[in-house]
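Thanks for coming. Please look at the model on the screen before I start.

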Amino acid sequence: MTVKITKLFHQPHSSSTGLVNNASVSIDTPVYISDRTAYRNTYYLRFKFDEYADDIRIKTGTSKLSGRFDSYSVHLSQNNESFQNQSWVSEEDDTLVKVRLTHPWRLTKVKTYDARGVDILRLDGEALSSEPTVKANANTTIGVEFIGQDFALRKLPVYPYSELTTDSQVQTLVQKGAQADKGYKPMAMTMAPEAGETIESIESMLEEDFAVEDLGVESIPAHGIKWLQLKSYPTGPRITIGAVNQSVDEDTTFTNLWNEPGEHINTPVQLQANSAESIISQIQTSLSRYIEQAKESGESLGSEIFVPITIESDTPAKFKFTQFEINYSLLKKQWDHWNQEELEAGKQTISFTGNGMETHSLALNLPLTAQVEKAVVHVGTDVSESSGFSASSLDTNLNQAKGIQLPQGAKVAKLLDLPQPRQANKVAIAVMLLTDAMNLKVQLLEDVNGKPQGAVLAEADILLEQVFGRQWVFVSLNQSVLLDSKVYWLSLSCMEGDALWLANDGNGKAILETNGRANAITGITLLSQLGLSLPTNELRRPDNLSLQLDTDLAPILGEEVDITSQFSGDLPNSIALLSGESGSVTLYSPEFEYS
């Protein structure tokens, strides 16, 4: 049964609240990144783990991840310090309000205590623009776009309403303005008040006939502004990942999983399926790398592994997961009987003598309660039985080949990582003579801690005279050697003369030794090939190779043996490879997915 994650948690090791599917959250917690302010919500993905597992495998085919960033609105009052560098500053008989914000916002509405409109003016430091940028009616959405970080608001000197001819009309309009919070919208005016009606008479009437308590507040500021409605759009929306199993602090470094640069006025900003695949893949890579490094260092991983995930924007924004489901299983990908060398190589050579039925046990420990979803054993293909060299793999066009120069006394060794067992008694090497005569020695050596310092398994001398140009040189070794599927070294030493060992661009590994100093060489592949000249069928994989789980036998016909059906009930007590014939087979890392 696949394990499901349907929530991002607020804490690493807590079953407390978190972000779930279709829940909208505000991304409005400020953080400081490289001398700038951004907004971030931090969550944690939590994966279960156990002592038997070697990795976690996320099911990309069934996991779902999509979401969207939307605009963010806030009502900002004088004493609300969020998003403000300082509280509102009142000036000029307290009728002018200066507002300084942490970053530019769109001002969409001004809410006032009365029905009077406002002028909106730009601020440059302390300098105030002489003319308003926008004139806005009170308690209505501003009709034009105004974006500002530092600006000022001044209430208009008269009420912007139709004919004020009597005290009763003034009272009615003031009262309606006071009731605007209750859903009443006063009618906008097209005419100025009648002669004789002044702002002073209106304010006097407000003080005499409409007590402050009637407006539901303790005091009314002279500027009459209750709150501002600000709006921001997602800017640089992104989802990031932190270090696995590391709690987030001010020094945490995050890596982008997904981001969309710039301000996005056309919201929502969608996190699409193709981006979700990339996010899941990067989470998988981070998990696998962490688990591998922890196991190499002997670190205990415990019963849970968490991954910090952040949802961010350079300006406040809203976010909502429209789909969120991470499906995964635990993965066992090593045989418990492998030694350190086999663990590092990810493979093991198993040989059968042919003297009766032989059994090689494959140690695999899983939790007793494990529900196995997939069980696959990988084995090597048949060993090639052809004689000599593979002509198709010998690069006949050596004109463009590079080379490592071998002056007299120099030695270069090429790493050989054999994917399967093989036998060899010949070597082909691509060289170019730089002198009239050349005496080279070629050797096959065992690996010791990544260096060509092991025992010499076979060797041969190469003597060439008066042969110039680039060419393949073929030489028989002094003895035939059976090589397992592991790392060896092929070395070439210059005993006399001067030559090049030719190479192409590639990802091979070599070590050059000159004058007692060894230097690693990368980025090229030295041209060589091992050859075998033996009677047919002398080396092969046994024909009757089988896999046994408890008492059931399954013939191994290919490279991959799916035994998932064998785990439908109780876990098998034993797994073994069996054969009654001679031969060798390479056993690779298995795949046991379970929950």
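I will go through the salt bridges and then one hairpin.

This is a predicted model, so local features need pLDDT of at least 70 and side-chain atom pairs count only at pLDDT 80 or more, while totals for chains, interfaces and linings use all residues. Residues are numbered from 1 along each chain as its sequence is written, and side-chain values use heavy atoms, with hydrogens and water left out.

How many salt bridges does the structure hold? There are 22, where a salt bridge is a side-chain nitrogen of Lys or Arg within 4 Å of a carboxyl oxygen of Asp or Glu.

Take E312. Its side chain meets that of R40 in a salt bridge, at 2.7 Å from N to O. E312 lies in strand 20 and R40 in strand 6, residues 36–48, so this pair ties together parts that are 272 residues apart in sequence. Strands here are DSSP runs of E, at least two residues, numbered from the N terminus.

E312 also meets R238 in a salt bridge, at 2.8 Å from N to O. E312 is buried, with a relative accessible area of 2%, and R238 is buried at 8%. Buried means under 20% relative accessible area, exposed over 50%, and partly exposed in between, with a 1.4 Å probe and protein chains only.

Now the hairpin. Strand 32 and strand 33 form it, with two residues between them. In the turn, N515 has a positive phi of about 55 degrees. The two strands run antiparallel and are joined by nine bridges; strands pair if DSSP finds at least two bridges between them. A510 has I521 in strand 33 as its bridge partner.

Methods
Helix = DSSP H or I, 4+ residues; strand = E, 2+ residues; numbered from the N terminus.
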